[in-house]
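Me: Could you show me how to read helix packing and salt bridges in a model like this one?

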Amino acid sequence: MSYDRTVRLATADFAAAVTAVRQALADQGFGVLTEIDVTATLKTKLGHDMEDYLILGACNPPLAHRALEADRSIGLLLPCNVVVRREGDHTVVQALDPGTMVTLTGLDALEPVAEEATARLDAALNALSPS
């Protein structure tokens, strides 16, 4: 079962890619609530060096509200995590497929929320890829 939506960017500038991801998410109504710099955390806590790896916790408040109205426990799957990471000379941007909410919970009431979230995340990811 695939649980991600992924685009690969042909850019060597990680910071520029992160800025573009933030803007693309904002354009689709998502704010970034959390940011986890996995690279820095693993370096500080374990002395481990790894490629650039950032997790952005994105939230679209109206969608989050609708999901929480359908299932209070859905907060376990919120916010929508978006990973921006280096892979060789590319930057990879991945978002958790919102359909996973429906698959994991089995709640039909979450389908419209997942469909809208998917459309918005796909639009954000597509905005990052050159046409």
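Me: How do helix H1 and helix H5 pack, and at what angle?

Reply: Two packed helices are described by the angle between their axes and the distance between those axes. Here H1 (residues 14-27) and H5 (residues 111-128) pack at about 140°, with axes 8 Å apart. Helices are DSSP runs of H or I with at least four residues, strands are E runs of at least two, and both are numbered from the N terminus. Axes are lines fitted to C-alpha atoms, for helices over the stretch in contact, and angles run from 0 to 180 degrees between N-to-C directions. H1 and H5 are therefore oblique (under 35 degrees is roughly parallel, over 145 roughly antiparallel, 65 to 115 roughly perpendicular, the rest oblique).

This is a predicted model: local features need pLDDT of at least 70, side-chain atom pairs count only at pLDDT 80 or more, and totals for chains, interfaces and linings use all residues. Residues are numbered from 1 along each chain as its sequence is written, and side-chain values use heavy atoms, leaving out hydrogens and water.

Me: Is Arg85 buried or exposed?

Reply: Arg85 is buried, at 14% relative accessible area (buried is under 20%, exposed over 50%, partly exposed in between, with a 1.4 Å probe and protein chains only). Arg85 also forms a salt bridge with Glu87, at 3.1 Å between the closest N and O atoms.

Technical notes. A salt bridge is a side-chain nitrogen of Lys or Arg within 4 Å of a carboxyl oxygen of Asp or Glu.
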